[in-house]
Amino acid sequence: MPSTARKPKVVVTRKLPDIVETRMRELFETQLNIADTPMSQAALIEAAKTANVLVPTVTDKIDRSVLAQAGPQLKLIANFGTGVDNVDLDTARNRSIIVTNTPGVLTEDTADMTMALILAVPRRLAEGTAYLKEQNAAWGGWSPTWMLGNRIYGKRLGIIGMGRIGTAVARRARAFGLQIHYHNRRRVAEEIEQELEATYWESLDQMLARMDIISVNCPHTPATYHLLSARRLNLLKPTTFIVNTARGEVIDENELSRLIEAEKIAGAGLDVFEHEPAVNPKLLSSSRVVALPHMGSSTIEGRVDMGEKVIINIKTFMDGHAPPDRVFPAMF
Ligand code: 8YV
């Protein structure tokens with residue numbers, strides 16, 4: 001016999017892959033956003049007043065004002081994304097709203113994109129392709145001293161944040177002959193250090209001053225906001241490249257663009273920006289910056305896996321169990 005119990009109302013803030021949306025419609029009373037227009041704060045507040053479950057993304061600010069106006073029926077925020085810096089976690093916790101995310105399923109895609117940027121910036125991939133396209137095939141031909149980049153092999157890579165993604169980046173980088181260094185809140189297990197032949201730096205300052213490439217792979221939290229501050233960016237060697245596929249807020253973007261322009265940093269590969277979707281125009285016009293529009297996890301497979309995680313979190317919660325990807329597990 002089909003159950004007569006009302007299905008929970010789930011509001012999804014952005015367009016998700018069809019297969020995910022269809023399954024969500026089967027399981028829940030799901031409000032979709034087919035047009036994919038980002039929801040205003042007023043629309044998010046309205047959703048928080050009526051939904052049992054909210055499914056936001058990185059583009060939705062689920063801040064104090066949204067959560068303060070949430071009705072008592074809002075029990076779960078099942079974030080479509082791993083980073084939860086778009087959600088005011090303290091207010092959610094105080095209001096006993098559970099927050100879940102989608103860890104693990106975007107690790108390999110994001111690590112691939114990080115590696116792509118580690119290769120692209122020193123080897124000038126974007127400049128090379130832009131040159132050919134602009135010349136419209138009127139290229140003068142090869143020259144021994146033209147378009148010279150920098151060798152990757154044998155260089156030192158400093159990873160900031162040795163979690164799932166940082167470790168996946170390190171594995172790839174090892175295969176390209178890079179030497180792995182890292183800074184993390186905690187030192188990783190000895191077996192992992194041995195596998196990666198990784199050097200741990202307790203002092204971020206000391207590591208920064210010695211690396212050839214820096215990769216940012218830590219989440220954005222109050223503790224990591226501007227972790228790469230103006231002072232720290234000035235510790236880098238002028239030959240160092242920076243890659244960021246984590247969150248723009250971790251780097252002081254103004255100082256980064258100033259130092260690149262002044263040739264005090266060699267270049268940057270950026271998939272994320274401090275004030276997304278706005279991008280500092282100085283970064284965009286620099287030939288030594290490869291800029292991408294937050295594409296690190298943008299694979300169809302990844303998006304479907306993320307949707308599946310969101311569904312499992314909602315379904316488990318609705319069935320009266322602790323959702324697997326709770327951001328603050330002690331609460332349930
Ligand atoms: C996601 C991300 O696409 O999951 C994350 O933290 O940064 C992205 O790769 C985005 O957050 C979706 O909400």
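**Reading salt bridges and the ligand site**

Q: In this predicted model, which residue forms a salt bridge with D112?
A: A salt bridge pairs a side-chain nitrogen of Lys or Arg with a carboxyl oxygen of Asp or Glu within 4 Å. Here D112 is bridged to R172, with the closest N and O atoms 2.7 Å apart. D112 belongs to helix α5 (residues 107-120) and R172 to helix α7 (residues 164-175), so the pair ties together parts that are 60 residues apart in sequence.

Q: Is R172 buried or exposed?
A: Buried means under 20% relative accessible area. R172 counts as buried because its relative accessibility is 19%, whereas D112 is partly exposed at 40%.

Q: Where do the partners R174 and E197 lie?
A: R174 lies in helix α7 and E197 in the loop between α8 (190-196) and β8 (199-200), 23 residues apart. Their closest N and O atoms are 2.7 Å apart. R174 is partly exposed, with a relative accessible area of 29%, and E197 is exposed at 55%.

Q: Which residue forms a salt bridge with R247?
A: The partner is D85, the closest N and O atoms being 3.2 Å apart. This pair links distant parts of the chain, 162 residues apart. R247 is also among the residues that surround the ligand.

Notes: Residues are numbered from 1 along each chain as its sequence is written. This is a predicted model: local features need pLDDT of at least 70, side-chain atom pairs count only at pLDDT 80 or more; totals for chains, interfaces and linings use all residues. Side-chain values use heavy atoms; hydrogens and water are left out. A residue is near a molecule or strand if one of its heavy atoms lies within 4 Å of it. Helices (H or I, at least four residues) and strands (E, at least two) are DSSP runs, numbered from the N terminus. Buried means under 20% relative accessible area, exposed over 50%, partly exposed in between (1.4 Å probe, protein chains only).
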